[in-house]
Every structure is written in structure tokens, then in C-alpha cells.
Amino acid sequence: RRVVQSFQAPSPGVDADLTKREQEILELVVEGHRYREIAERLFISIETVRSHIRHIYEKMQVRSRAEAAAKYHGRA
């Protein structure tokens, strides 16, 4: 039953409960910025950026920057 329900559940989009900070980081990632650049721009550590990226990927159900960008632009 759980397997069937998981296939019937709507797939999350870009706004998959992302926080404001996660949305901000996602936009920078999609623009092609490196983690170090994002960290410097937002005055946070690289590890914090990595943590946000991990949460973004989990929420969007993607595994890479390319998949996240495609989903962000509505192509996936």
C-alpha cells in the first residue's frame, strides 16, 4: 500500500517547502556559482552551504546540480 501511495503522491516542485535561504541558495546554484562563492556572498560557511544544498536536493528529490536546475526551470 505504501509503495502505491508513494507513486500516487504529487511530486514536489521547486517550492517543495524550501526555506527562504534554501531558495536563495538554489537560485545561486542554478546561476552557476560555486559553493565558495555562495558562502562568501551570503556570509556563511561552505559547510553551511553544503548542508542547505543537501536539504534542497532531498526536498526536490534530485541528485545533482543539473537535475535541480532542470526542475527549477520547469523542464523536469
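## Arg50 and Glu47

Arg50 is partly exposed, at a relative accessible area of 39%, while Glu47 is exposed, at 51%. For the cut-offs: buried means under 20% relative accessible area, exposed means over 50%, and partly exposed is what lies in between, with a 1.4 Å probe and protein chains only. The two side chains pair up in a salt bridge, with their closest N and O atoms 2.6 Å apart. That term is used here for a side-chain nitrogen of Lys or Arg within 4 Å of a carboxyl oxygen of Asp or Glu. Arg50 and Glu47 sit three residues apart in helix 4, so about one helical turn separates them.

## What the values rest on

This is a predicted model, so local features need pLDDT of at least 70 and side-chain atom pairs count only at pLDDT 80 or more, whereas totals for chains, interfaces and linings use all residues. Residues are numbered from 1 along each chain as its sequence is written, and side-chain values use heavy atoms, with hydrogens and water left out.

## The other salt bridges

How many salt bridges does the rule give? The count comes to three. One of them joins the side chains of Arg21 and Glu24, at 3.1 Å from N to O.

## The chain as a whole

Zooming out, the chain has five helices and zero strands, and reads α-α-α-α-α along the sequence. Helices (H or I, at least four residues) and strands (E, at least two) are DSSP runs, numbered from the N terminus.

Of the chain's 76 residues, 28% count as buried. Among contacts with a separation of 6 or more, 48% are between residues 24 or more positions apart, a contact being heavy atoms within 4.5 Å. The chain exposes about 5700 Å², and carbon and sulfur atoms supply 48% of that. Those accessible areas come from the Shrake-Rupley method with a 1.4 Å probe; for residues, only the protein chains shown count as cover.
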